[in-house]
Amino acid sequence: MWLLLPILLYSAVFLSVRHIYSHWRRRGFPSEKAGITWSFLQKAYRREFRHVEAICEAYQSGKDRLLGIYCFFRPVLLVRNVELAQTILQQSNGHFNELKWEYVAGYRRFNLLEKLAPMFGTKRLSEMFGQVQKVGDHLIRHLLDRQIQGCPLEVDLQQKLRVYSVNIIANLIYGLDINNFEHEDHILTSYLSHNQASIQSFTLGRLPQKSSYTYRLRDLIKQSVELREDHGLIRKDILQLLVRFRNGNEVSGDKWQLEPINADKLLSIKRLAKVAEDLLKVSLDAVASTVTFTLLEILQEPLIVEKLRAEIKELSNENGQLKFEELNGLRYMDMCLKETLRKYPPLPIIERVCRKSYSLPNSKFTIDEGKTLMVPLLAMHRDEKYFSEPMKYKPLRFLQTANDVGQCEDKTKSNVFIGFGIGGSQCVGQNFAKLVIKVALIKLLQNFHLELDANQVKTLEVSHRPAPFIHTKDGLKVKLKRREINTKFYS
Ligand code: HEM
């Protein structure tokens, strides 16, 4: 009897694991050979907890457009073709719902992201530009203050850019008049170290994670919202538009004040705070890493820096202040940013959970409810099939010629670039992201000669831990020397 029990238990576990690991084979999908062996279990574990590198390896391991793989005990369908990924993510409306970005009005559910998209439109952004520049100036002022007369300053720019990024979020999303370079004990500044410790598993990462930060950030939002609703404060930032939305006012248009305050709120304070925290999570590392990796690449190529400086020199710079409209004309900088996002996409994998079974286009396959679909952006962006010499930093590959619009220089279709996502699920904040990234780059290049630590470049390690964020393991040490420009404004 005592012997029978463990045998039964073992058999039950064995059969259910075998059942899971035969999911794709049973459904007829091309799939990896799965079995209950030590090496396979290790691989499946690595995919779940060290996933970016392991998923890239799976992408490279064959030719099929779709591949059934396993992340720990989870069957995942890996899409290995950009066109197919684009078709699926564009046409699968309703099959891969993202409940996180919904709101309820009456008895109906609506897509919150669609409603909030106008927040990041040109008109709105142009009016928020003053706030963005102010944060850019905080960064420059902070670096200038640390420089001892005449001596180059050596700093970890990756860390400074994370503070810049959190400062943008504090000023524009949380609506605070704050300089996080000076307030090291501010909750949003300390969020930077909390964020480093986030969970690395796909599955666990999806669970609602409430920490003491959630409650403290909610308090921040509550105070800021009260200032606007009860005391009539108007500030041109994202929070103001979220408060307008909460009160049933249009987010598009050009009004900033609340008109009239609605008793039936579309978003509770708790929900609004959750939206703000989600925006914080999606933007903090994405912005910081894009500026960091752009600097890492361009500072190794003096010609690229020269071209960028030439473009920046053409901008008006009255009292150290940039003009919003002129930033759109920075064609070369746009190509550099695109190239950075190609080589180092801050979001390396798009993941969707199927909510309603879905017949995959141009194939005989159906993905079942509850199963996960993954589009490995990083692996696609580094695939020779789409981009020649993928590990080389070549901004000009995105040069669009007049009679060949939509093609990159190396004749790859430019729509293979999917750094901001695909179709209806593209990043709503991309214009805002490009704006704040450009402001940081322009101001740094305008005010400093920058030089990478040559030893560091040789040993520099790019890491995705904690996943999925991309960063350099030991920061980005850069020597800064002041350029004699804008002295009046910053002195
Ligand atoms: C360089 C910076 C950024 C990059 C490369 C980036 C990239 C992406 C990508 C690839 C997605 C699609 C995710 C998916 O389909 O599952 C996405 C979604 C999103 N992005 Fe961005 N993003 C950036 C910055 C920002 C900023 C600054 C904001 C707003 C302040 C923002 C707001 C969002 C939101 C709200 C979503 C939807 C998230 C979700 O579905 O959970 N992003 N972003």
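User: How many C-beta neighbours does cysteine 71 have inside 10 Å, and does it count as buried or exposed?

Analyst: The rule goes like this: buried takes 20 or more other C-beta atoms within 10 Å of a residue's own, exposed takes 12 or fewer, and partly exposed is what falls in between, with C-beta atoms placed from the backbone. Cysteine 71 has 25 such neighbours inside 10 Å, so it counts as buried. Keep in mind that this is a predicted model, where local features need pLDDT of at least 70 and side-chain atom pairs count only at pLDDT 80 or more, while totals for chains, interfaces and linings use all residues. Residues are numbered from 1 along each chain as its sequence is written.

User: What about the phi of phenylalanine 72?

Analyst: Most residues other than glycine have a negative phi. Phenylalanine 72 has a positive one, about 55°, although it is not a glycine. Asparagine 319 also has a positive phi, about 50°, and is not a glycine either. Asparagine 319 sits in the loop between helix H14 (302-313) and helix H15 (324-327), and its 7 C-beta neighbours inside 10 Å make it exposed.

User: How many residues surround the ligand, and which are the closest?

Analyst: A residue is near a molecule if its C-beta atom, placed from the backbone, lies within 6 Å of it. Here 23 residues surround the ligand, and the closest are Ser283, Ala286, Gly421, Cys427 and Gly429. Helix H13 (269-298) and helix H18 (430-447) each give two or more residues to this shell, with H13 giving the most, 6 residues. As for cysteine 71, its C-alpha is 26 Å from that of serine 283, and the two are 212 residues apart in sequence.

User: Which residues touch the most other members of the largest nonpolar core?

Analyst: A nonpolar core is a set of buried Ala, Val, Leu, Ile, Met, Phe, Trp, Tyr and Cys residues joined through C-beta atoms within 7 Å. The largest one has 114 residues, and Ile169, Ala276, Val436 and Ala440 touch the most other members. H13 supplies the largest share of this core, 15 residues. Contact between two residues also means C-beta atoms, placed from the backbone, within 7 Å. Leaving aside neighbours within four places in sequence, alanine 276 is in contact with Ile173, Tyr174, Leu217 and Ile221.

User: Where do the buried residues of H3 fall, seen down its axis?

Analyst: An α-helix has 3.6 residues a turn, so residues three or four places apart point the same way. In helix H3 (residues 38-49), the buried residues are Ala44, Arg47 and Glu48. They fall within an arc of 100° (taken over the directions from the helix axis to the C-beta atoms), so they line one face of the helix. The face turned away carries the exposed residues Trp38, Ser39 and Gln42.

User: How many of the 17 residues of H1 are buried?

Analyst: The number is 0, so H1 lies largely in the open.

Terms used: Helix = DSSP H or I, 4+ residues; strand = E, 2+ residues; numbered from the N terminus. Expected span 1.5 Å × (residues − 1).
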